[in-house]
Amino acid sequence: MTETSIECFLTPKDSLNLFSGIQIPDGQEITIGRGQQYGIKDLACSKQQLMLEADSTDRVLKVRRIGRNPSILAGFPLEQDQVYFAKEGMTLKVSPEVEYIVTFREINNSKKLKMQSDSSDSMKCECKSSNFTWSKNPTGTVLCCETSDFNFVYPCKIASFDLDGTLISTKSGKVFPTSETDWKLWHPSIIEHLKKLVDDGYSLIMFTNQAQLEVLSQYRINLFKNKIESIVNALDVPFLVLIATNRDIFRKPAPGMWDYCLSKISGKLDKDSSFYVGDAAGRIAKKPKKSADFEITDRLFARNIGIKFYTPEEYFLKESPLEFKDVNFHPYEFTVKEYPSLNIPANPSELIIMVGCPASGKSYFTEKVLVPEGYTRVSRDELKTWPKCREKIINAILRKQNVIYDATNPDKVTRKIVLDLCKEQKFANVRSFVMSTSEDRCIHNNRFRQLVKNSEPVPHTAIVTFFKRFEEPSVEEGFTSVVKVPFVPNFPNPDHERLYKMYLLGKKK
Ligand SMILES: [Mg+2]
């Protein structure tokens, strides 16, 4: 009889062969880094970059960064000498150019003896849950904890709270807790406030972002659950706790957790009486000892869902509101509804060189507007290399077709290559179409696409770099004219439109 075992692999991101890449032995630490052994050439990778150990029983890969260069797991920068847990399907970016998917595959192996991991991290920590019901939402990315005495009271007035920095702070005084027991109530008067709210007929909800749970072991997740239970026990009131464990639509300031909460309500919601309290409010440091808020997530979350917002100081201590720095970008502010006249020539042929940032709406415009007008689209993203694009452009010009070259083309140097080709081919009809989408809107669009398509976003740096390199195209460069193309949103349904008009990112800018 053939024995099988589960083996862990780091599969190169673009590889279709699931057994290619680096095989990680089970229950045994190995070090990977730049060098011949693993074929990693990226100079931004240390020779000893990551220490890895697979646990095929739980299908997790233990990751510790030992090199001084950065590595990223599932979007999280790894701190040096900290242990993280990569689950199946997660992306491990060892260095900027070296990216793997963590995979576990069943292989035939009659000789292999399975090693049992005795690591404490694979031990199961039992939650004491007699007073609490734990569940997950349908996507599995929101953890819900409900006390046995929690019920929505109708008409439903929701008093909702952030966790860290609002209901609790660290005992150690550090910004991030040092362990699951490093917490204390933010202020002793909180319990009294919450009891009064319950007496006044409020339903108490906690909305907290805890995306780090995605890369923690089950053991650490259970410790976190115990922490939540201890906090709610200390608060001593009925509570529904919603925890966003991913970077999806449930992560504040996106409205997913609120919408999920509303889906549990079966009666009337009193929105006017409902409110949300959070410490990420964009406040500017006023007093010498007070630091500014790093984020404005909580204020934007309340704004998105349309309920009143208070900081913990305002709500629990009745302090006056402090000055805050609002975001500069408001996603709902756009006036353009249609593309301008494009003056498409009656007689081909012409070449249009697109200029536009990733997520500026450039490819949508070329595909939905220009291609239906008979343009041959030459996409740098699809063909990957300039020689292939060049060949397709020349063929189209020779066949007297209108052509559109769809690439970012941020500066004169990149556009000159295409303009030189036109000179060489003695081809004079070259226009530039430049997307006028702002940097903030590109960043917003990128996040929006990630949320609705559930896809990996374009790296943030690709957008920032585009705008750093950007040089406005001009007729002096050799174009017959330059046409500005606005971003025109297109929504397949009202839900997309509602979400698009909301704040989706929580950092101050
Ligand atoms: Mg907070």
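Biologist: Among contacts in the protein chain between residues at least 6 apart in sequence, what share joins residues at least 24 apart?

Modeller: Two residues are in contact if their C-beta atoms, placed from the backbone, lie within 7 Å, and among the contacts in this protein chain between residues at least 6 apart in sequence, 68% join residues at least 24 apart. Please keep in mind that this is a predicted model, in which local features need pLDDT of at least 70 and side-chain atom pairs count only at pLDDT 80 or more, while totals for chains, interfaces and linings use all residues. Residues are numbered from 1 along each chain as its sequence is written.

Biologist: How many helices and strands does the protein chain have?

Modeller: Helices (H or I, at least four residues) and strands (E, at least two) are DSSP runs, numbered from the N terminus, and this protein chain has twelve helices and 24 strands. Its C-alpha trace spans about 80 × 65 × 50 Å along the principal axes.

Biologist: In what order do the strands of the open sheet stand?

Modeller: Strands pair if DSSP finds at least two bridges between them, and here seven strands form an open sheet in the order S11-S12-S17-S16-S13-S18-S19, with mixed pairing. The edge strands, each pairing on one side only, are S11 (132–136) and S19 (308–310). Within the sheet, strand S13 (residues 157–161) pairs with S16 in the parallel sense over five bridges, and Ile158 stands opposite Ser203 in S16.

Biologist: Which strands does helix H1 touch, and at what angle does its direction stand to that of S16?

Modeller: Axes are lines fitted to C-alpha atoms, for helices over the stretch in contact, and angles run from 0 to 180 degrees between N-to-C directions. Helix H1 (residues 190–199) packs on the sheet, where it touches S13 and S16, and its direction makes about 130 degrees with that of S16. Helix H3, in turn, lies across S12, S16 and S17, running at about 145 degrees to S17.

Biologist: Which residues of helix H3 are buried?

Modeller: A residue is buried if 20 or more other C-beta atoms lie within 10 Å of its own, exposed if 12 or fewer, and partly exposed in between. In H3 (residues 256–263) the buried residues are Gly256, Met257, Trp258 and Cys261, and they pack against strands S12, S16 and S17 as well as helix H4 (297–305). Across the protein chain, buried residues make up 35% of the 509 residues.

Biologist: Why does Thr91 count as partly exposed?

Modeller: Thr91 counts as partly exposed because it has 15 C-beta neighbours inside 10 Å. Thr91 is found in strand S9 (residues 91–95), and, leaving aside neighbours within four places in sequence, Thr91 is in contact with Lys13, Ala74, Glu99 and Ile101.
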